[in-house]
Structures are given as C-alpha cells and as structure tokens.
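Please look at the sequence and the structure together before reading on. The paragraphs below are meant to be followed with both in view.

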Amino acid sequence: MPTTVVRAEDSAQAMDEIVARLGPDALILSTVKRNGMVEITATTDPVPPKEAVALAKEPEAESKLASAEIVPLPKTEPVQVQTRKTPPPEEAKPGFARLFKSRMNPTPEEAGEQPAPSSTSGGEGIASLMRRAQIAPAATVLRARRLILVGRVGAGKSLLALQLAAEQAQAGRDVQVSFVGASHADGAYLMSKARLLGCPMDFASADVLKSSPGANDLHIVVVSGRTSLPDDVIDAIALQDDTVTVLAMPLGMRRKTVLTSASQWRALDPVVALTATPGDALDADDVSVLIDAGLPLTWISALKSVVGALTAADRDNVTALLTEEQTAGLQSLYAQKPSKTGGVE
C-alpha cells in the first residue's frame, strides 16, 4: 500500500499539502508531532481492517509524547477598562478689579506663595506699610567712594549710573564710570553719555573691585547682568567700608524674582534703586516685597532722561507717590462710562 508522509510547521499546512498531493479523498493514516513538526501519513488506497488496526496501534507512543508536550494556555483575567474622569469645571474668570492688575505682578495666590501680612487699602494701609519699610538715605549712601551697580539684564543700571554721575558731577565731585563683564558694544551707550558729562569711562575686570577705590572722588561700577562676580571678589567688596552695592530693580517685578535677587547679593548688603519706565507708577506691592526681602530703598529712577530723573527716596515722597497712584487709579475707574452690557467702556 503506497503512503505519503508530509511534514509541516502545523497541521493546517500539512493537510493543505496532503490535499494538493493526494486529493480531497486521501485517507489519513496517522498524525504525529516529531521534532517540533507535524507529520501526517496518508494514502489513497483502501486499508484492510488488520493493517488499519496495526497502523492505529503503531503511533500510540508518539501520541503519548505529543500529548505530553501540550501545555495549557494560562488563564487570562478580564481587562479592566478605566473610565476617563470628567475634568472639574473651570474656575470663574478674573473679575472686574483683577482686569486692572498688572500681569507682571500677580497676586500671591497666582504665584503660589503666601500673601504678605500687610494691608495697603486706604491711607491707613499705606501709613502702616511705610512704618515697616526700610529707607537708606541717599546722602548716607553717597558718602561712599565707590558705588557698585548690580541687577538683572535690562534693569536700567546703565542709565542709573549716568544719572548718579550727572548728579554728583554737578555737586562738584570727580566721577569715574567703569563697566565690568560686558562687551564694548554693550557699553557704547554708556561711554558716549559719560563723555558728554565729562566723566572718564573705561572697561575693567572684576579684579579691580578687590582693591579699595583709588584717587577718584566717586567710582561708579556697572556690573553686567550677564556676569556673576567670583566669590573672592565678593569677599573683598564686603570688607570695604567705602563701597556700597546698589541693586537696580524694575517696578512690578514678581515677588519670587525679588527674593531671588536679594538672596544673590545678600553678602554685599545692598540698597535698592527702583527703576521705572514711562507709564509705570510705584504701588504698594513694590514696597511690600522690599520689606519681605529685607531690602532698604534709596532711589527711584525714571528711565526717561539723565538729568532730573533720579529721586532720593524718603518716607514722605514715597508715601506721596503711593497715595497719588491710588487716587489716580480710583479717578480712572470713576471716569469710565458704563456700557450697555454692564461693564465699562
């Protein structure tokens, strides 16, 4: 009896090969699994009963081996479908009063910080604020023979240096201006204005700050905001009795930024010059954050001109500026016309 043996990776492929070779009427004699392959023995001749019995008994051992190799599939747990949580409803948009608040000076809740303990509503709030404010008199600061101006890029240090140089030159002092840590292109503006004022100006390294001021009556040094002074230079400055560090800070800076700047220059015990661009006005938050940072206020600089734009801070004029700003804000609100939608025009 002729037989045909077919081996394949699975029984489906083996059956396809049997049908292709012997046709759909082929008789399957045995199916075993050997060496990872499925082996099917088939024929097209009818099988006598005795031979069929023998063939049925022959693959018994192989069938036991094949059955022993069958590994049941692991049970799979049903997949848990996670339902998407509905996002909480959006908070209400800022009210009318918040629309007039500068985004450069967010509320403590927006900044994720604790609110300041002071209250600045009305005249009583301003008076209480000014009682806690520190003022370093400009006359005392200007007794120094060297002023080191520090601060972030764009804080107004260059114009502040020119304002101080012009004021002290008019008072009869010999003034020299130096620029530390910047390229000549960065100091071109400062150099041209310093020449108009009749003040010598140069570019110096940070090492010049290690020694005490020279023969000049007043040495104004502008440290670039892109430069950090080495530790040995800071240690040397801290030991100089005739040197004062002035930290230039724009109005409306975030509380966190002010505290970071104060921490950066804490070793030099700086005084503060607040710089204001046209249209900016001093408000209670500017003074409150200086109180929290432990920084004394000395000057308020209007970044609009060199002459006549520097104000020495004292409690009276700061209080007047705060009161004026609050009154102007109230007047601007009353001056607006109500609109048909319930807002203002």
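What follows is a walk along a few strands and helices.

This is a predicted model, in which local features need pLDDT of at least 70 and side-chain atom pairs count only at pLDDT 80 or more, while totals for chains, interfaces and linings use all residues. Residues are numbered from 1 along each chain as its sequence is written, and side-chain values use heavy atoms, with hydrogens and water left out.

β9 pairs in the parallel sense with strand β8 (residues 243–250) over 5 bridges, pairing being called when DSSP finds at least two bridges between two strands. Here Ala248 has Ala273 in β9 as its bridge partner. Strand β10 (residues 297–302) also pairs with β9 in the parallel sense, over 5 bridges, and Val272 stands opposite Leu297 in β10.

Helix α9 (residues 231–238) has Val233, Ile234, Ala236 and Ile237 as its buried residues. These lie on the same side of α9 because they cover an arc of only 160 degrees around the axis, the arc being that of the directions from the helix axis to the C-beta atoms. The buried residues of α9 pack against β4 (146–150) and β8, with contact taken as heavy atoms within 4.5 Å.

Methods. Helices (H or I, at least four residues) and strands (E, at least two) are DSSP runs, numbered from the N terminus. Buried means under 20% relative accessible area, exposed over 50%, partly exposed in between (1.4 Å probe, protein chains only).
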